[in-house]
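Have the model open and follow along.

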Amino acid sequence: MLRNALPNIVTELPGPKSKAVIERRKKAIPNGVGCPAPCVIAKGEGAMFEDLDGNTFMDWVGGIGVLNMGYSQPEVIEAVKAQSEKYFHTSINVVHYPEYIELAEKLNSIVPVKGDEKKTILINSGAEAVENAVKFARKFTNRTDIIVFTGAFHGRTNLTMTMTAKIKPYKFGMGPFAPGIHRCEFPYMYRRPAGLTEKEAVDFYLEKLEMMFLEYTPAEEVAAIIIEPVQGEGGFIIPPIEYIQGVRKICDKYGILLIADEVQSGYCRTGKFFASEYWAAAGAAPDLMTSAKSIAAGLPLSSVTGRVEIMDSAAAGEVGGTYAGNPVSCAAALKVIEIMERDDYAGKSRAIGEKCVARFNQWKDKFEMVGDVRALGAMMAIEFVKDKASKTPAKDELAAVVAECAKNGLITMSTGLRGNNMRFLMPLNITDAQLDAGLDILEAAIKKIMK
Ligand SMILES: Cc1ncc(COP(=O)(O)O)c(C=O)c1O
């Protein structure tokens with residue numbers, strides 16, 4: 001059964017059938033929609049997929065954080081089928097439907113934003129969730145400006161592309177960009193200024209945030225500061241909790257809203273249902289939280305949750321969208337949340353994190369190229385460097401490791417401004433045998449490329 005299979009490559013890659021489809025893709029789809037994979041999927045189950053040529057791959061990218069529950073979860077399929085037979089679509093602006101309301105109620109009960117009474121809006125994508133969080137923050141505060149960070153990724157619409165840091169490939173030649181966005185330096189502990197302890201570095205980066213109000217925009221004009229609890233496209237960089245506590249204090253001091261962008265970190269990826277739970281436990285709960293990606297096991301859906309006063313600051317008709325909160329996606333999401341709670345996906349995430357980090361740390365001792373290991377639950381990264389002393393990013397070497405893994409049936413992906421971090425987003429229901437097999441493939445690839 002594919003769900004319990006291990007990688008097995010039986011043809012050259014890409015195989016002949018995949019190759020033919022990839023050629024058609026090249027003619028039919030713009031080059032700007034990139035994809036390096038040497039295969040075309042035929043069927044997926046759990047952490048595994050089979051390609052058109054009968055090769056079996058293990059997927060440690062999960063459509064970039066969308067498959068925390070893996071491919072084709074049978075109970076989600078049943079929920080989607082049942083909803084499809086009732087109705088595919090109606091707009092929440094036209095007719096009331098229970099699935100949207102039930103999902104909003106559920107998210108209100110589990111999203112750890114500040115406040116006792118919460119409301120949730122549903123939309124379609126991560127970028128749309130961030131756009132809406134900004135709209136609510138501006139409406140509620142009656143201020144215009146937003147502070148974002150170096151390394152941030154918030155999407156590909158004009159506003160969210162502006163908020164995103166990395167120029168190539170995300171913004172290159174695509175301006176002019178949206179006004180009112182100001183970028184502060186993110187606390188990147190591995191690359192903090194030499195000589196600073198972690199505590200000194202936290203103070204150093206918080207000082208940079210305060211300086212934003214002197215150099216770029218007065219605090220009175222700032223509606224929100226938006227942070228990814230673990231920077232995704234930025235390289236899986238984890239801000240120290242003391243930094244988040246400091247940001248929360250700054251927000252409170254100036255009446256600025258704190259937005260957690262949990263598009264990539266949500267749905268048990270980090271060892272909690274939402275990474276913001278770590279913030280809340282440290283007295284630094286956000287005011288607004290976005291989520292998307294794994295919310296509906298692959299169907300398009302996203303959300304923004306906040307306390308009632310913020311969420312009711314927009315009048316009827318000022319927010320929404322034709323497909324926003326699609327009933328089939330909502331039915332999938334309700335099932336996803338039920339299963340994640342029932343089967344303790346947060347616990348699974350912590351267990352995967354512990355196992356992998358133990359192995360990654362052995363590699364850090366053994367291999368000069370493994371510079372840093374970062375993890376919050378199963379949101380993990382290895383930063384590849386030419387050597388530990390210089391920390392020079394080893395982008396090409398990592399690209400070779402990714403290609404070598406793919407050759408052996410393990411799909412991985414790099415991330416980060418410098419393209420030298422391997423990110424791990426394996427399904428959280430991966431079997432132990434699959435996890436071990438994947439780690440063996442990766443270790444062999446690192447060894448081979450190091451030589
Ligand atoms: C933190 C974060 N915010 C927003 C987005 C944008 O999401 P989408 O691609 O669904 O628009 C992403 C996508 O990777 C993300 O990681």
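Val76, Ala79 and Gln83 are the buried residues to look for in H3, where buried means under 20% relative accessible area with a 1.4 Å probe and protein chains only. They sit on the same side of H3 because they cover an arc of only 60° around the axis, taken from the directions from the helix axis to the C-beta atoms. An α-helix has 3.6 residues a turn, so residues three or four places apart point the same way. The buried residues of H3 pack against H4 and helix H11 (327-342), with contact meaning heavy atoms within 4.5 Å.

This is a predicted model, so local features need pLDDT of at least 70 and side-chain atom pairs pLDDT 80 or more, while totals for chains, interfaces and linings use all residues. Residues are numbered from 1 along each chain as its sequence is written, and side-chain values use heavy atoms, leaving out hydrogens and water.

| Helix | Length | First to last C-alpha | Expected |
|---|---|---|---|
| H3 (74-86) | 13 residues | 19 Å | 18 Å |
| H13 (395-407) | 13 residues | 19 Å | 18 Å |

In H13, the buried residues are Leu398, Val401, Val402, Glu404, Cys405 and Ala406. They pack against several elements, including strand E3 (56-59) and helix H14 (432-450). After H13 comes Gly409, with a positive phi near 90°.

Conventions:
Helices (H or I, at least four residues) and strands (E, at least two) are DSSP runs, numbered from the N terminus. The expected span of a helix is 1.5 Å times one less than its number of residues. Buried means under 20% relative accessible area, exposed over 50%, partly exposed in between (1.4 Å probe, protein chains only).
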